[in-house]
Every structure is written in C-alpha cells, then in structure tokens.
Amino acid sequence: MGIVVENVSKQFGDFAALDNINLEVKTGSLVALLGPSGSGKSTLLRMIAGLETPDRGKIFLTGKDATDQDVRDRNIGFVFQHYALFKHMTVRQNIGFGLEIRKQPKAKISDRVEELLELIQLKGLGNRYPSQLSGGQRQRVALARALAVEPTVLLLDEPFGALDAKVRKELRAWLRRLHDEVHVTSVFVTHDQEEAMEVSDVIVVMNKGKIEQIGTPAEVYDNPATPFVMSFIGPVNVLPANRDRVSEFHEMHKHQASDDVYIRPRDIMIDTEATSTSISARITRLIHLGWEVQAELVLGDGQILTAHLTRERFDELKLQPQQYVHIEPKDAKSFPLDYSI
C-alpha cells in the first residue's frame, strides 16, 4: 500500500482540523482530496508530507511508519499552487535543483533533466527563466522538479488554482496522461469537483475534518453516501420532502428519510404534454451552455428548480421563457435520518 492514514486527528486550538481520519491510497493511484475550505484536505496533505504532526494516529508510507519521520527523509515530491520556482534559475536549473542538493553526478542530472523536459513537453525551453514562461508552463516545470528526485509519493496542493479556466482544463488532461506514464502514487487537493472527477482514480470527499465518502468519480456522483456529498458533487435541486411533494414525485421515498429530496438537474424530464404523473411548472429563464440548455423553473407553490436538457431535446420542444411545461423526475434521492458515516 502506498499511503495509509490510521486514526489521525489534529486540533488547532478549539478547531478540529482532522477528526479520526482513516485512508488507504494504493500504490500507483491518483487520489483527489475534495472538499470546501476548512474541510481538512490541505491539513491531511501536509500530514502526509510531514509538514504537520498528528495529535493522534499514524501515517505509513510504502509500509513503513513515517509519523515522526522528518520531511526530508520521506522521499516526497510536493507541488504548490503558486509554483515556488526559483526566479534566478533557468528551467533546467529549477528541474535539477533537488538532484544538485543530493549531490548527484552532473551527467546523471543532465540526463534526468532532459528526460523530464521531454516528458512535460518543454524540450527546447530549458534555458528560459520562469518569467519567460506562461502560468501553465511554470506549473509543468514545478511538476518536473518534484518528479526529478523520483519520489515514492507526489503531493499536489491545489496545483491549478492560480491558472485561468482554459489552461486549467488543458493541464488536467496533461496531468492524467503524465500520471499514466510515470505511475507515481499521487494525492492532490482541490475544491473543484470537475477537476477531481476528470483527473482522479479515487475521490475522497471531506467535510468539517471528516471523510464523508471514498469512491471512484462515478460512485460518488451516482451513489452519494450523504446529503453533503450529493450537494457538493455536481449541481442538485433540494426540495422539502412534505407529503404532497413526495406523492407528486412517485412516492419514491417510502422509507424513513431526511427532510429533503435531492434531484439532479439532468434527472428532471421536461415535456409540453401532461401525463398522469407529471406536474406543471413555468419556465422563468433559459440559459444556453453550449452542448446543453439550462431551464430555470418555478412550480405552483413557488419552489424553484433547475433542469438540464440536451440541445437536441431543447430544439425538439422549442421552449420559450414564461412557457408552461410539465416535469417529472427520472431519479431522486433521500437519505435516512441516521445517515451519519
């Protein structure tokens, strides 16, 4: 096993940053720690790196107890959000810095740097300085520098947070391809659900110092374990589960359930014709999102919903703002009152 976190807790004054965390990261996997600010994801990453010490619990790296091991002895590669490149050094010097510190032979350093320049698709730019590169290129150099020392674990703290949306999207795909080539055990922190879904093998959803769910992107999206996961992973409509509303929605929630019903926008079917199980709604706004259209709806009792339609379905229905339509949920979820994890 690449990384094992066992019963780890961390307190900062009165604030419980981590509360009895247990996690296993398989060797060679790419795992995302996903959650809002204050959820504990960065603290957990720093624990693995050795930058913070747990109050309780243990951390194992490649089967060895690393709880009290110095950060310099853990063979960790760390990539920060703001690159942390040395401005006075060239790209080549930045990448080779860790090897220089370890007093590796110059020929070995040169070969490794050239290998990494090709891997990060910056061959020919080795003599440039960080100021001469784009943000995306600088972050690739930071990744190459972390990989140069051949770490057993690669940790990335919001690695694309300082980049614009287009560059972030490109680097996500690049990071996934890079990982598939080098297969280093990797953990990255993000608050971006799309980023976690697109890049990782496994997502660890964190909230208030606890792990709410661990699973593949498909598992956490399609089978959320808690209301928080349902609400945090992708857009969702939240409706009060009163008796009338539950009846309207096919009596889907016959078991003892939480106060709310959760429906993804993609799971609300819209039609211009009524059926025996549909309910009426008025379109208040239509938003074109490229490959799909978002319809904002209001029910007769004032409840507001959002639905997503494909462009083909939208064109077929010829919908207009203020038009009355009929909606029916394809799927809805509720959670037992004792859903605690």
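Contact means heavy atoms within 4.5 Å. The model is predicted: local features need pLDDT of at least 70, side-chain atom pairs count only at pLDDT 80 or more, and totals for chains, interfaces and linings use all residues. Residues are numbered from 1 along each chain as its sequence is written, and side-chain values use heavy atoms, with hydrogens and water left out.

**View 1. Leu154 and its contacts.**
Leu154 touches Gly77, Val79, Leu143, Ala146, Leu147, Val184, Thr185, Ser186 and Val187. Residues up to four places away in sequence are not counted.

**View 2. The largest nonpolar core.**
A nonpolar core is a set of buried Ala, Val, Leu, Ile, Met, Phe, Trp, Tyr and Cys residues joined through side-chain atoms within 4.5 Å. Buried means under 20% relative accessible area, with a 1.4 Å probe and protein chains only. The largest such core has 45 residues. Ile95, Val141 and Leu154 have the most contacts inside it. Helix H4 (residues 135-148) gives this core its largest share, 7 residues. A second, separate core has 26 residues, including Val8, Ile59, Val204 and Ile211. In soluble globular proteins, nonpolar side chains tend to be buried together.

Helices (H or I, at least four residues) and strands (E, at least two) are DSSP runs, numbered from the N terminus.

**View 3. E7 and its partner strands.**
Two strands pair if DSSP finds at least two bridges between them. E6 and E7 pair in the parallel sense over 4 bridges. Phe78 has Leu155 as its bridge partner in E7. E7 also runs parallel to strand E8 (residues 185-190), joined by 5 bridges. Here Leu156 stands opposite Phe188 of E8.

**View 4. Val79 in strand E6.**
Val79 lies in E6 (residues 76-79). Is Val79 buried or exposed? Val79 counts as buried because its relative accessibility is 1%. Leaving aside neighbours within four places in sequence, Val79 is in contact with Gln139, Ala142, Leu143, Ala146, Leu154, Leu155, Leu156 and Asp157. Val79 and Phe188 are 109 residues apart in sequence. In space, their C-alpha atoms are 9.1 Å apart.

Key: Buried means under 20% relative accessible area, exposed over 50%, partly exposed in between (1.4 Å probe, protein chains only).
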